[in-house]
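These are my notebook entries on a structure that I went through step by step. I set down what I looked up and what I found.

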Amino acid sequence: MLEREGALAFWLLVPTLALLTLFIAYPFVRGVWLSLTNSVVGVPGDFVGLKNFVKLWNDSIFRTAALNTFVYTGVTTVFKLALGLWLALLLNRHFRGKAWVRAFILLPFIIPTVLSTLAWKWMFDPTFSVFNWLFWKLSIINSRVNWLGDPDLAMASIMAVNVWRGVPFYAISLLAGLQTINQDLHEAAAIDGARPWQRFRHVTWPLLLPVTMVVVLFSVIQTFADFQLVYVLTGGGPANATHLFATYAYQIGIGTGLLSEGAAISLAMFPALLLVVVFQLWYIRKVENR
Amino acid sequence: MIEGAKWKKWLWFYLPMGMFILGLLFPFYWMLVTTLKPDGELYRPWNHPLYSPFWTSAPTLDHVKSLLMETLFNTWMWNTMVIALAATFISLFCGVIAGYALARLRFRWAGLLGTAIFVTYLVPQTLLFIPLADIIRDYRIGDTPWALILTYPTFLIPFCTWLMMGYFKTIPKELEECARIDGATRWQAMVYIILPIAMPGILSAGIFAFTLSWNEFIYALVFLSSPEQKTVPVGVTSELIRGDVFYWGSLMAGALLGSIPVAFIYSFFVEHYVAGMTGSVKG
């Protein structure tokens, strides 16, 4: 019996394993190999050891990109979690039109990112920006702000768009977590005299933590490896100041055709990603075994 | 519970909720207004006395017309639809049977394989796109829809498998055993008993997979090069921006129309979509 189940399982898993081996495992091995050669488009190249990585280490644009990626991931995650949790708590109340609000709120997450980011690029346009108009009317500024033209401001603008896109995902996922919390616990705590903040701190938060952790780790991976927002909003500019790992890898690997260096930049993401994944697996196991 | 004063509810509930809704939805309104504005109004600087950001006095469909008549937008829509449907179908097929095997069958390495598939779910596209571009070229499927139809399942299958595993686990084993006692083979029990019950899960996985395929960008950007092969996200960004010239009216029309299929499906299946999304993170 066990033998026959094993055989059936094998056949059921073959298509999945074949595709994942062909287009994930093999590319990964090939990417590692590529990063150790001096290959360019159309030329296989020779083995050069860690030369590409040494070169990256001394490359100031790569260092900026690395720093940007960590700052970008850290800052946006804090904002997405805080705002997402706030929105989830608001949505967890009873009010008229709740289903509609919830459906509309997810739009930033489901609309193709590149397309909505184009709308943001248009809103950030130095000459026609609606934000300039708004802040000017509110007497906050009196000359134009070049949202994507200044390195720091550009990075902040990109982060704002990332937060905008991510908040609905956090909110709806956390709302799903909130809805599994038994209301009796809240009432019991309220009867015992717990204030709203105490109820959140000692009832809601501990019960919500497992869902929160998974959502955060998942989103950290996506944000860390982000490409589209920077590609559309700044293309890595001004003067290569807003690159992330992924956009710099694209610029070098595809734009310039230095495949091996591009592959090396992409792979530089790997250690950090691995760390997050291992932590996530460990955490899920811990929660499941509790 | 005692309700607080009315102004408190306004301050702590309606005000923040209103701000969230406004902030989250404004860019879509902006797309719509931009699409409908004539060029003369569109290109007025922000400090021009007649700058009217939120309204247009002379709405026009010129941008939509030029998008549909003068660009390959329809071709891009068609390409994206074919690729998204094909990738979704492949992923559902693989994910359903793999999920069944991992949730229901006892065999060696089951736990290990489940974890391995979960880990591939966390591999971002940007980690592998350069060696993949090389491989796509080797297989001679570059610049064809196959480059995407075969690679999109790599990020769709793991999530479909994971979601389906969760669904299969909630279906009582006894149902299947009853069918087996009545003489059904395991395969028949799976197709006639389990799959119909798992339909909501399959629908959730399918809808989520379709929207992910429709949104995918970097593979489509790297693996496709001719304008008539492109998908909507890549076509709109690369063909409507020529050098430094942005055709904002048509760009926003493209962004709006390019979002409609996803928004349309989403509007019909909100509950399934949310179930798919939250199921995918809860694992």
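Before the first entry I note a term: the bend at a residue is the angle between axes fitted to the seven residues ending there and the seven starting there. I also note that I am working with a predicted model.

**Entry 1: a bent helix.** I looked up helix 8 of chain A, which covers residues 151–179. I found a bend of about 35° at A:Gly166 in helix 8 of chain A. A proline, A:Pro168, follows within four residues of that position. I then checked the span of helix 8: its 29 residues reach 42 Å from the first C-alpha to the last, close to the 42 Å expected at 1.5 Å a residue.

**Entry 2: chain A as a whole.** I counted the secondary structure and found 14 helices and zero strands in chain A. I recorded the extent of the C-alpha trace of chain A as about 80 × 75 × 30 Å along its principal axes. Chain A has 290 residues, and buried residues make up 43% of them. I also looked at contacts in chain A between residues at least 6 apart in sequence; of these, 68% join residues at least 24 apart.

**Entry 3: the core.** How many residues does the largest nonpolar core have? I found 156 residues in it, and those with the most contacts inside it are A:Ala171 and A:Phe245. The largest share of this core comes from helix 4 of chain B (residues 73–104), which supplies 14 residues. I then followed A:Phe245 and left aside its neighbours within four places in sequence. Its contacts include A:Ala65, A:Ala66 and A:Thr69, and also A:Ile265 and A:Met269.

**Entry 4: where the chains meet.** I found 76 residues of chain A in contact with 75 residues of chain B. On the side of chain A that touches chain B, the largest share is the 19 residues from helix 1 of chain A (residues 2–35). I sorted the residues of that side of chain A into 59 nonpolar, 14 polar and three charged.

**Entry 5: a loop residue.** I looked up A:Val43, which lies in the loop between helix 1 and helix 2 of chain A. Is A:Val43 buried or exposed? I recorded A:Val43 as exposed, because it has 12 C-beta neighbours inside 10 Å and a residue is exposed at 12 or fewer. Finally, I noted that A:Val43 and A:Leu259 are 216 residues apart along the chain, while their C-alpha atoms are separated by 9.5 Å.

Methods:
Residues numbered from 1 in each chain as written. Chains lettered and ligands numbered in written order. Predicted model: local features only at pLDDT ≥ 70, side-chain atom pairs only at ≥ 80, totals over all residues. Core = buried A, V, L, I, M, F, W, Y, C linked by C-beta atoms within 7 Å. Buried ≥ 20, exposed ≤ 12 C-beta atoms within 10 Å, placed from the backbone. Helix = DSSP H or I, 4+ residues; strand = E, 2+ residues; numbered from the N terminus. Contact = placed C-beta atoms within 7 Å. Nonpolar A, V, L, I, M, F, W, Y, C, P; charged D, E, K, R; others polar. Expected span 1.5 Å × (residues − 1).
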